[in-house]
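Here are a few notes to read alongside the model. Have the sequence to hand and go through them in any order.

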Amino acid sequence: MKALEGIKILDFTHVQSGPTCTQLLAWFGADVIKVERPGTGDPTRGQLRDIPDVDSLYFTMLNHNKRSIELNTKDEIGKAVLERLVQTCDVLVENFAPGALDRMGFSWERVQELNPRMIMASVKGFGPGPYQDCKVYENVAQCAGGAASTTGYLGELPTVTGAQIGDSGTGMNLAFGIVTALFHRESSGKGQRVTAAMQDGVLNLCRVKLRDQQRVEKGPLTEYSQFGEGIPFGDAVPRAGNDSGGGQPGRILKCKGWETDPDSYTYFITQAAVWKSICDVIGKPEWKEDENYATPNARLPRLNEVFEAIEEWTMTQTKFEVMEICNPLDIPVGPILSMKEVAADQSLRDTGTVVEVDHPTRGKYLSVGNPVKLSDSPSEVKRSPLLGEHTDEILSEVLNYTEEEIKEIHASGVVGK
Ligand code: CAO
C-alpha cells in the first residue's frame, strides 16, 4: 500500500510551487484532484512549449500522478461542485495570489464550516507583513530571501541560482506541513491552516549566510577568498563566489579539457582531516609539516596559493579522474555535471531519481522522480493528466453526482466543452 493512499487532495495549484507540493503527495499515493480553469487549465500547460499544441514539459514534469477536472469556480454551479469537493477531500492546496480564494468565496472560515477536518494549505510569496499582498515568482523570492545578495562574485551583480529554491523548495515545505497536519488530525480530529511563504523558505535555506551576518559584525570571514586577498569586509555578508559555505574551504577548479568544455571542472574541498593526502596527491609533500600550511588556520590567509597548487594538479586530470583518485583517499570532490550528463546517468535512472515517462500526445520524455525513497512504499511516476481528462469520473465516482446531474453540470458550461 502506498504511504498516503486514501488521502484525497483538492489541488487548486498552478505554475511551480504548489504543483511541486501536490506532486510529492501524489507520488506517495494520495489521490490528487487538480481543479483547472475550463479551456486553458494551469497556465504552464501552454508555456515554453517544445511541441505545438501539446502540454509543455514545464507542466508535464510538475503534475505527475494527478487527475484533472475542468471547473469554473467563479460560476454558481461551479462553486457548488467545489463545495462538494471541499466536503469530500482531506486537504485543499492552493497558491493563488493573496486574496483570490477569499474573493472566490472560499475563505478559511468558510472551508472550516464546510469541512472541519479539512487541512487548508497555501503557498504565498511573503508571510504577514508589509509585502503580504504581493504576487511573487521564483526569482523575486530568491532576492527577498537573501540568496541573491550572497550569490555571485564580489564586486559583481547579485545572482540567482538555477535551483528553484523559492518554488520547488517552498512546495516541499508545504508538503511537510500538510503531512504533519494530517498526523495531528489523527488525535485532534480537526483540520488546520498550513502556510508556507517563499521568502521564508529561501531564507531557511540560506541559514549559513544569516550565521555569517552575525560573524561579520564581529570580524572578517576568514574562510572567504576575500580575506586572503586582503579585501576589507563591509557590514553585510558579501558574495562569496564559489567559496565553500562550510568550515572546510573549497573551490571550483579547472580540469583537463576546460579550454573547450564549459563543464570540465571539479569542486575540491581541502578537508582538514585529509590534508596530508591532498599534499601527496598534488605533489606538495613538504606542505604536510610546513607550519605555514600544516594547519587549517595557517592556510586561511594562503587559500589562493593553496588552490592554485591544487588546480595545477586537477588540470592534468579529467573531472572523473579527479573523483577516482580522490575518493579512495576520502578527499571530498565532485565533478561539475552538465544537465546532459545528469540526464544520461544510469545510476540516477536506476534509483528512479530520473525517470522516462510516456505521454499520449508528446511521447516519451524525461522527468525528475521522487527524491525521497520509502522502503515499503515505492513511488511509481505516472504521466500528467490531459486537461479535464477525469472530469466525469471525478463527478461520478468521487462526488457521487447522478448521470442526470452530470448532464446538467455539462449543460451549464462550468466544466468546459
Ligand atoms: N475558475 C475560475 N477562476 C479561476 C480558476 C478556476 N478554476 N482558477 C483560478 N481562477 C482565478 C482566480 O480566482 C484569480 O481570480 P481573481 O484575481 O479575479 O481573484 C485568477 O484566476 C488569477 O489567479 P492568480 O492571481 O493566482 O494568477 P496570476 O497569474 O495573476 O498570478 C502568481 C500568478 C504565481 C504570481 C500568483 O498566483 C501568486 O503570487 N501566487 C502565490 C505565490 C506563488 O505561488 N508563486 C509561485 C508561482 S511559481 O513561480
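1. First, the ground rules. This is a predicted model, so to speak on its own terms: local features need pLDDT of at least 70, side-chain atom pairs count only at pLDDT 80 or more, and totals for chains, interfaces and linings use all residues. Residues are numbered from 1 along each chain as its sequence is written, and side-chain values use heavy atoms, with hydrogens and water left out.

2. Start with the largest nonpolar core, which has 35 residues. (A nonpolar core is a set of buried Ala, Val, Leu, Ile, Met, Phe, Trp, Tyr and Cys residues joined through side-chain atoms within 4.5 Å; buried means under 20% relative accessible area, exposed over 50%, partly exposed in between, with a 1.4 Å probe and protein chains only.) Ile9, Leu25, Val91, Val93, Leu174 and Ile178 touch the most other members. Among the elements giving it two or more residues are α1 (17–27), β4 (91–94), β5 (119–124) and α7 (167–188). Helices here are DSSP runs of H or I with at least four residues, strands runs of E with at least two, numbered from the N terminus.

3. Look at Leu174 next. Leaving out residues up to four places away in sequence, Leu174 touches Cys21, Val93, Ala121, Ser122, Val123, Val194, Thr195 and Ala196 (contact means heavy atoms within 4.5 Å).

4. Most residues other than glycine have a negative phi. Asn65, however, has a positive phi of about 60 degrees, and Asp330 has one near 65 degrees. Asn65 sits in the loop between α2 (57–60) and β3 (66–70); Asp330 is in the loop between α14 (319–326) and β9 (333–335). Is each buried or exposed? Asn65 counts as buried because its relative accessibility is 16%, while Asp330 counts as exposed because its value is 57%.

5. Last, Thr266 in strand β8 (residues 265–269). Thr266 is buried, as its relative accessible area is 0%. A polar atom of the Thr266 side chain lies 3.2 Å from the backbone oxygen of Gly334. Beyond four places in sequence, the contacts of Thr266 include Arg251, Leu253, Thr314 and Val333.

Terms used
Polar contact = N/O pair within 3.5 Å; in protein donor to acceptor, adjacent residues only side chain to side chain.
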